[in-house]
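Dear colleague,

Please find below the structure that I am handing over to you. I would be grateful if you would read the notes after it with the coordinates open.

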Amino acid sequence: MFRPPLKKLSAKRRKPARKQEGPRPVYRKDYKAPAYLVDTAALDFDIRDKRTRVAATLQMRRNPARTEKNLPLWLDGEGQDLISVSLNGRTLSARDYALSEHGLQIKKVPAKFTVEIVSAHDPQKNTTLSGLYASGGMLSTQCEAEGFRRIAYYPDRPDVLAKFTVRIEADAKTYPVLLSNGNLLAKGKAGGGRHWVKWRDPHPKPCYLFALVAGRLGKVSDRFVTKDRRRVLLEIYTEPGNGDRVKIAMDALKAAMRWDEKAYGLSYDLDRFMIVAVSFFNMGAMENKGLNIFNSDCILARPDIATDADIAFVERVVGHEYFHNWTGNRITCRDWFQLSLKEGLTVFREQQFVGAMHDDALERVRAVRALRSRQFAEDAGPTAHPVRPDSYLTIDNFYTATVYEKGAEVCRMLHTLLGAEGWRRGMQLYVKRHDGSAATCDDFAAAMADANRMDRAQFMRWYEQAGTPRLAVTSKYNARQKMLSLTVRQSCPPTPGQAAKKPFHMPFAVGLLDSEGRDMGGTHVLQLRAPVERFSFTKVPEKPVLSLLRGFSAPVRLEYNYSDEDLLFLLAHDSDAFSRYEAGQTLMRKYLLAAMKGKKTAAPPPAFTDALARVLADRAIAPAMTALMLALPSEHEIGLELAARGQLIDPDRVHRARESVRGQIAGRLEADFAARMQGLKPDARKADGKTQGVRALRNLCLGYLMAADEKAYAPAAMKQLRSSNSMTDQVVALALLASSAAPERKPALDHFYRRWQNHELVINKWLAVQAGASRTDTAAAVAALLRHKAYDRKNPNKLRALAGAFGHGNPWRFHAPDGSGYRLVAAEVRAADRLNPQAAARLALAFEQWRAFEPKRQKLMEKELKALRALGAGKGGISRNLFEIVDKALVAGKKPRK
Ligand code: BES
Ligand code: ZN
């Protein structure tokens, strides 16, 4: 965080924000251990109508790790009115401390002391959704990363761990439920219709894991018995009336608790685990100790009001936040540069969990698709950064696909290199060494390496270097010697601030297929270290077909000159499900790029559509996998592929090419899709993995049929919309109709709105479907919806459903050649930034890839970015969050930076 130099601080003179130079970054290399530690923190919340008063009593002492004498005490604090400060019981006067808009400094403190700070603020006015804020009728907190400083004056950094006691007093009618972390100690009545509770969390924690919830809430309870027979009370709190929507989450929670015990030997460590659903939330969910807080759209789910994708996401997020109890809470991060220590590792654990619950291969395909479309894009753009960044302006902007998804890939590579047993040993050592403390990415890698006698020096480059490595592979088969040689050249393109890269250490999984399609010798995990590596396989009786990068063993771009025949062969036979999927995708990419080149669109060869027909008919493939294998890459993914090949993107051509290939596949396989669809009869009340898969394949068929003949199949889509009790079926049908020119289009949208107008989360889908429609009038429709009563830009779910779905999910219309899409999103970014800088910065990322587009669009996007940047950061201008995104987008790629 940007802090003015301490010597310039004074209680009266406040430094104005500097507009010209822009705010200064924080550097990882500047890390210093805290000067003072907090042993216990007692927080007293007095909640009143327009004001919440917080008294924080902190028992503190000098940090023995800091040897300098007379270090001042710094407490972060923002957006609060300071009422009083006392040190060891003595009230300080304004002369005894220095107050700025970022915190307060006490010049002299003894080696051990108690400081009590009373402050107040109004949560009703807090639209940033960071700190303590009102969401609907309730109050709720979000402290990660640096929100606690908006609640109390405190050393707001993750390496200060304290035991918290919390007292909350509030009106008993408005706020009957009062929650905080840990165990409930006592409760009672106060005067004037008020009541109070007291909570204590026995586990020392950084303040970013603090949470408080107050409101009128219903709850669903259950219980879990740990492997050592301790009983844990499980509670999910929601707005009253939503109790019938938490079964999926509760089941997922119990499954996650069991799985962590089985897979890692890690049990839950409190008597109570609570989850609260809130409707205003910037992220998906938050792992506060013993009191997870969830965006309602990540917890409330039932097949009739949530799609299968929503349901799967609920399970994933519940697992993810629960797994943080060990990887994040028991072992936390030393500083925010180490964020991937908890997030990358927890995403990896979450992927293992989802794979184990459902299907490993499906989960792998899903994870790789997410990685490529979000993280590879990031790595190729102006905000590219290493898994462990070196600097930031705003930590909020660093909850990125690189920290999360690539961080998870780094864990997966260790898992592959060390084997499942080696990984487990490493995790055990990591927990043993660092439980109860704040650690670094290096500590984690050291534990993994030490438990396995691995030399980690070269592997650490995955934390240090940004960019997606490329593997250029060539092969030669010598029939006389029965020998196959492979040559693998690795390289990594430059990224902002990193011109030259050193080679990475990575696993490269390879299979060899014989002419019958059988594996010759299973999967070989080769290790790459040098820029060029050669491998030879002996006793290879015939020329094999190569299955390269099985399971996507490393987060790289593979370059190998596959023939169409080889790819068709892999698509038909590869024993590795991921590679099989990938072979089909590689072919699709090839034909899509070809269709973009020719004036007349090139047609995919019959051999390919025949192969797709065989995949479609193959009952040995799980329907969910069939659906993934038959889906064309999105327009966004095609754009990324062009950019990776050094070509500028023309969104019109991308759209036309994709429509054309889709239409041709659909036309040739119309009868196949219709026939397969007939046999698929998913139960609308069910949403287990198998039913979800059947539904996904059925809806994929419907999509292709609409592409084959919109007019002919629109009535079927309309019928599905009206008659299916599955929200998935309804949303798919609605989306197909909304993108069409069929007469059913408007009636479909009206029908869906009337039916669901009182279901906020469902109506968000109605917004998103319209924002994502492939029609030339979409920008105008979105502009109108921005004024619809269903829209509220203060609610991040709605901002995402409308402006987000348009800017991030509808490239063809966002990049409309007249710039109308850009203007619309830029205006919404500006408006949102006044309320919620985090959400606005996220939306502004829609402009991030501007240099990848053809010159006309580049100019139009650059104009919007420049207009935003010209406003400057700070008072009267744009937020620091938004400034960082806009500035990086404009600066990077301009001139090489050192
Ligand atoms: N710790 C994060 C939530 C968070 C992120 C809070 C940034 C504040 C700022 C949480 O564990 C998380 O990662 N949530 C994800 C969902 C998950 C399934 C990847 C999210 O909210 O998107
Ligand atoms: Zn997380």
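This is a predicted model: local features need pLDDT of at least 70, side-chain atom pairs count only at pLDDT 80 or more; totals for chains, interfaces and linings use all residues.

**Ligand 1 and its surroundings**

Ligand 1 is surrounded by 16 residues, and the closest of these are Glu144, Gly284, Glu287, Glu321 and Tyr404. By class, the shell consists of 6 nonpolar, 4 polar and 6 charged residues. A polar backbone atom of Gly284 is 2.5 Å from an oxygen atom of ligand 1. For Ala285, a backbone N or O atom lies 3.2 Å from a ligand oxygen atom. His320 takes part through its side chain, where an N or O atom is 3.2 Å from an oxygen atom of ligand 1. On its own, ligand 1 has 520 Å² of accessible area, of which the protein covers 90%. Strand 20 (285-286), helix 2 (308-323) and helix 3 (339-357) are the elements that contribute two or more residues to the shell.

Which residues of helix 2 are buried? They are Asp308, Ile311, Val314, Glu315, Arg316, Val317, Val318, Gly319, His320, Glu321, Tyr322 and Phe323. In other words, 12 of the 16 residues of helix 2 are buried, and the helix is mostly covered. Its end C-alpha atoms are 23 Å apart; at 1.5 Å a residue, its 16 residues should span 22 Å, so the two values agree.

Helix 3 is also mostly covered, with 17 of its 19 residues buried.

Lys289 lies in the loop that runs between strand 20 and strand 21 (291-295). Is Lys289 buried or exposed? Its relative accessible area is 3%, and because buried means under 20%, Lys289 counts as buried. Leaving aside residues up to four places away in sequence, Lys289 touches Asn181, Gly182, Asp201, His203, Lys205, Leu209, Asp269, Leu270, Asn325, Asn329 and Arg330.

Arg589 belongs to helix 9 (residues 577-597). The side chains of Arg589 and Thr586 are joined by a polar contact of 3.3 Å. With residues up to four places away in sequence not counted, Arg589 touches Arg372, Glu582, Pro633 and Glu641.

With kind regards

Technical notes. Residues are numbered from 1 along each chain as its sequence is written. Chains are lettered from A and ligands numbered from 1 in the order in which they are written. Side-chain values use heavy atoms; hydrogens and water are left out. A residue is near a molecule or strand if one of its heavy atoms lies within 4 Å of it. A polar contact is a pair of N or O atoms within 3.5 Å; within protein, one must be able to donate a hydrogen and the other to accept it, and residues adjacent in sequence count only if both atoms are side-chain atoms. Accessible areas come from the Shrake-Rupley method with a 1.4 Å probe; for residues, only the protein chains shown count as cover. Helices (H or I, at least four residues) and strands (E, at least two) are DSSP runs, numbered from the N terminus. Ala, Val, Leu, Ile, Met, Phe, Trp, Tyr, Cys and Pro count as nonpolar, Asp, Glu, Lys and Arg as charged, and the others, Gly among them, as polar. Buried means under 20% relative accessible area, exposed over 50%, partly exposed in between (1.4 Å probe, protein chains only). Contact means heavy atoms within 4.5 Å. The expected span of a helix is 1.5 Å times one less than its number of residues.
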